[in-house]
Amino acid sequence: MNEDFLRRAIQLAAVARESGNPPFGSLLVGPGGEVLAEEHNTSVTDADITAHPELKLARWAARELDPATAAGTTMYTSCQPCGMCAGAIARSGLGRVVFALSTEQLLTLKPGGDFPVVPQDGPALFDEARIPVEGYYR
Ligand SMILES: [Zn+2]
């Protein structure tokens, strides 16, 4: 764990807040310790609920890095990634995440708590739903 990179993520969180956005920032560090990209939350100014820095970096990495390079990266982030971002990080093939605030610690600072869990119903219609999927993952 590199505390200087974590401190940079915290600085980016402050930049997000100063720009009118939720206070979160992240950076992606390559295998050799070089900063590849930095982002901060822009969900308010972009009017985009997905504009979390971790998700933006995961998308950037999936687009710009080959899988081996992506696997050698570390994301330093001011707060533990939310469920949406954790999913994107897994799909992008990044190697590791280092965070400052945990979700539990964040929730002590955030009146109203975490996002509600939306109920999901299923499975259903397996014989129909399998048709477009069958054979795709080979
Ligand atoms: Zn997120």
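Good morning. I begin with a pairing: the bridge partner of L27 is Y76, which lies in β3. Helices here are DSSP runs of H or I with at least four residues, strands are runs of E with at least two, and both are numbered from the N terminus. Two strands pair if DSSP finds at least two bridges between them.

What we have is a predicted model, in which local features need pLDDT of at least 70, side-chain atom pairs count only at pLDDT 80 or more, and totals for chains, interfaces and linings use all residues. Residues are numbered from 1 along each chain as its sequence is written.

Let me stay with β3. Its pairing with β1 is antiparallel, over 4 bridges, whereas its pairing with β4 is parallel, over 5 bridges. In the latter, C79 stands opposite L101 of β4. Is β3 mostly covered or uncovered? It is mostly covered, since 6 of its 6 residues are buried, that is, each has 20 or more other C-beta atoms within 10 Å of its own, with C-beta atoms placed from the backbone. Together, β3, helix α4 (residues 83-92) and β4 make a right-handed β-α-β unit: with the strands pointing away from the viewer, the path from the first strand over the helix to the second runs clockwise.

I turn now to α1. This helix, residues 3-18, has 16 residues and reaches 23 Å from its first C-alpha to its last, close to the 22 Å expected at 1.5 Å a residue; that expectation is 1.5 Å times one less than the number of residues. Its buried residues are F5, A9, I10, L12, A13 and A16. They cover an arc of only 155° around the axis, and therefore lie on the same side of α1; the arc is that of the directions from the helix axis to the C-beta atoms. An α-helix has 3.6 residues a turn, so residues three or four places apart point the same way.

Against what do the buried residues of α1 pack? They pack against β1 (25-29), β2, α2, β3 (74-79) and β4 (96-101), where contact requires C-beta atoms within 7 Å. On the other side of α1, E3, D4 and E18 are exposed, meaning 12 or fewer such neighbours within 10 Å. After the helix comes G20, with a positive phi near 90°.

Finally, D46 lies in the loop between β2 (35-40) and α2 (53-64). This residue is exposed because 12 other C-beta atoms lie within 10 Å.

Definitions and conventions. Contact = placed C-beta atoms within 7 Å.
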